[in-house]
Amino acid sequence: MAIYVVTGANRGIGYEYCRQLQGQGNTVIAVCRAVSQELKQLGVQVEEGIDITSDASVADLRSRLQDTAIDVLINNAGILKRVTLDNLDFDSIREQFEVNALGALRVTHALLPNLSSGSKVVLMTSRMGSIGDNTSGSSYGYRMSKVALSMAGKSLAHDLKERGIAVAILHPGLVQTRMTHFTPGGIPPEVSVQGLLARIHELTLENTGTFWHSNGEVLPW
Ligand SMILES: NC(=O)c1ccc[n+]([C@@H]2O[C@H](COP(=O)([O-])OP(=O)(O)OC[C@H]3O[C@@H](n4cnc5c(N)ncnc54)[C@H](OP(=O)(O)O)[C@@H]3O)[C@@H](O)[C@H]2O)c1
């Protein structure tokens, strides 16, 4: 059994990661800004009050974890704000970069001392961050920030390979969470996370840096 750290763990896909991983007998360290009732009830280790956009907050997380040896770091926290060409809100675009791209890189960098050969890093990106798959435009902040996150993931895959650490760049599918207003067209978090965990299980130094859909499809950049 392994030690997993999950950000954005209080709800949505992050919570479901924690639930399934704990059910499989793993040690789960659930990182969030504010703990939810359901996360509290899971009984996993919760590290509350961590905002991934803050250097000080992420440094606090690092010091709380001390020398915990992390097997899998799942950078799941993210935001989606609507930004269209007619309403080009640069503050919102900047905020999405701060959380989606810089936040995940900040957490990964801060926790590098807790990772070692055989550890894995997961970045939860999105198909909306695929340039090749962009057939509908708009969503400037979300799309741009997720492309940046995927690029960070690719560089991390190269830089961490010699340390024996593999990196997965994952799209969960269209999932029924608060982010998507629980869209009826989406899949339940339970199904998405089953696929995501299968991808993490299959992740090796040979396929590090690949952009996968939770269903196993390799997505275009
Ligand atoms: N749902 C989908 O269809 C879909 C599709 C593609 C990709 N994704 C990606 O999958 C990941 C999880 O999405 P979800 O659907 O589960 O979204 P969600 O239900 O909206 O949950 C987002 C999580 O991120 C946390 N978060 C946001 N800003 C944060 C910050 N500054 N510091 C720390 N935590 C922060 C939230 O915490 P608070 O409760 O404190 O706000 C929450 O726990 C995201 O990266 C998202 O972009 C989702």
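Reply: A residue is called buried if 20 or more other C-beta atoms lie within 10 Å of its own, exposed if 12 or fewer do, and partly exposed in between, with the C-beta atoms placed from the backbone. A nonpolar core is then a set of buried Ala, Val, Leu, Ile, Met, Phe, Trp, Tyr and Cys residues joined through C-beta atoms within 7 Å. The model is predicted, and local features need pLDDT of at least 70, side-chain atom pairs count only at pLDDT 80 or more, and totals for chains, interfaces and linings use all residues. Residues are numbered from 1 along each chain as its sequence is written.

The largest nonpolar core has 54 residues, and Val6 and Val122 are those with the most contacts inside it. Leaving aside neighbours within four places in sequence, valine 6 is in contact (C-beta atoms, placed from the backbone, within 7 Å) with Gly14, Tyr17, Cys18, Val28, Ala30, Val31, Ile74 and Asn76. Valine 5 belongs to strand E1, residues 3–7, where helices (H or I, at least four residues) and strands (E, at least two) are DSSP runs numbered from the N terminus. Valine 5 counts as buried because 28 other C-beta atoms lie within 10 Å. With neighbours within four places in sequence again set aside, valine 5 is in contact with Ile29, Val31, Ile70, Leu73 and Ile74. The C-alpha atoms of valine 5 and asparagine 75 are separated by 8.3 Å, although the two residues are 70 apart along the chain.

From E1 the account moves to the loop between E1 and H1, where asparagine 10 is found. Asparagine 10 is buried, since it has 23 C-beta neighbours inside 10 Å. Beyond residues up to four places away in sequence, asparagine 10 touches Tyr15, Cys32, Ala34, Val35, Ser36 and Leu39, and its C-alpha atom is 5.7 Å from that of leucine 39, 29 residues apart along the chain. Alanine 34, one of those partners, sits in the loop between strand E2 (27–31) and helix H2 (37–42). Alanine 34 counts as exposed because it has 10 C-beta neighbours inside 10 Å. Not counting residues up to four places away in sequence, alanine 34 touches Asn10 and Glu48, and its C-alpha atom lies 5.9 Å from that of glycine 49, 15 residues away in sequence.

The ligand has 31 residues around it, of which Gly8, Gly12, Ala77, Gly78 and Thr177 come nearest; a residue is near a molecule if its C-beta atom, placed from the backbone, lies within 6 Å of it. Helix H1 (12–23) and helix H4 (90–110) each supply at least two residues of this shell, and H1 gives the most, with 3 residues. By class, the shell divides into 13 nonpolar, 14 polar and 4 charged residues, where Ala, Val, Leu, Ile, Met, Phe, Trp, Tyr, Cys and Pro count as nonpolar, Asp, Glu, Lys and Arg as charged, and the others, Gly among them, as polar.

H4 also packs against helix H3 (residues 55–65), at an angle of about 35 degrees and with the axes 9 Å apart; axes are lines fitted to C-alpha atoms, for helices over the stretch in contact, and angles run from 0 to 180 degrees between N-to-C directions. Asp55, Val58, Ala59, Leu61 and Arg62 in H3 meet Arg106, Val107 and Ala110 in H4. This contact of H3 with H4 has 5 nonpolar, no polar and 3 charged residues.

Most residues other than glycine have a negative phi. Serine 139, in the loop between strand E5 (120–124) and helix H5 (140–161), has a positive phi of about 50 degrees although it is not a glycine. Serine 139 is buried because it has 20 C-beta neighbours inside 10 Å. Histidine 181, in the loop between E6 and H6, likewise has a positive phi, near 55 degrees. Histidine 181 is exposed, since it has 9 C-beta neighbours inside 10 Å. Proline 184 lies in the loop between strand E6 (166–171) and helix H6 (189–202), and counts as exposed because it has 7 C-beta neighbours inside 10 Å. The C-alpha atoms of proline 184 and arginine 143, 41 residues apart along the chain, are separated by 22 Å.

Technical notes:
Contact = placed C-beta atoms within 7 Å.
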